[in-house]
Amino acid sequence: MANLLLVEDDVTIRIALTKGLRERGHAVSSASTALDGLRGTVDDRPDLVVLDLGLPDLDGLEMLRMLRAVSQVPVIVATARDGDPAMVGALDAGADDYVVKPFTAAQLDARIRAVLRRSGDSRADDSVTVGTLRLDPRSREATLDGAPLDLTPREFDLLHYLAARPGEVIGKRELLTQVWQIPYGGADKTVDVHLSWLRRKLGETAQSPRYLFTVRGVGVKLAPPPAGS
Ligand code: CA
């Protein structure tokens, strides 16, 4: 999985998260101060940094700005309360995502995987085939069962993003961020509406899907049609 650096001064949280993330296959090193965290980022070159915003020596935001001056490593910030103004500042200062305490290692792991998937994305230009669905982003051509699909640019991008990750459940927030480039917002309906248009063009419905499977409360995945459909 990933090499993670956890910057957290609370020893109980640090030990619990280190253990939980290791159990999920990550290599985890940790630091209890901002300066140690900066040193660790530069020396160990982790794949991702989890940064507590409440550190004893430096303001977490200050540390994030210093870190961004020397590294483009993905950063997830941890904040003690929802609606923390420091969280908005952290996103402005270049954090990739955030979690609100208390959170579990499983929740953090899901965020880590989503951030790494986005940041390491080399699939944007690859043509993809899932079942009899084919998409070529260079020519912007899509076909289903050999027949061309008439998609809007946004529909094409959405379908390609999902088809490049067959079988993976993708959350609406990730789709808004990656397909619409809307950083954070509650515009879930946008995704739903486009998915329903896509379903119509693919000749399927939410009730009897062939390719687009909604996972209630989580997101949507694109997968080959079930056998016999
Ligand atoms: Ca703290």
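Reply: This is a predicted model, in which local features need pLDDT of at least 70, side-chain atom pairs count only at pLDDT 80 or more, and totals for chains, interfaces and linings use all residues. Residues are numbered from 1 along each chain as its sequence is written, and side-chain values use heavy atoms, with hydrogens and water left out.

The calcium ion has as its protein donors Asp9 (OD), Asp52 (OD) and Gly54 (O), which lie 2.2 to 2.3 Å from it. Donors here are N, O and S atoms within 2.8 Å of the metal, or 3.2 Å for Na, K and Ca, and because water is not among the atoms, sites may look incomplete. Along the sequence, the donor residues follow the spacing D-x42-D-x1-G. Asp52 is buried, at a relative accessible area of 5%, while Gly54 is partly exposed, at 46%; buried means under 20% relative accessible area, exposed over 50%, and partly exposed in between, with a 1.4 Å probe and protein chains only.

The phi of Arg45 is near 45 degrees, a positive value in a residue other than glycine, and Arg45 is exposed, with a relative accessible area of 66%. Finally, a cis peptide bond with omega of about -5 degrees joins Lys101 and Pro102, and Pro102 is placed in the loop between strand S5 (97–100) and helix H5 (105–119).

Methods: Helices (H or I, at least four residues) and strands (E, at least two) are DSSP runs, numbered from the N terminus.
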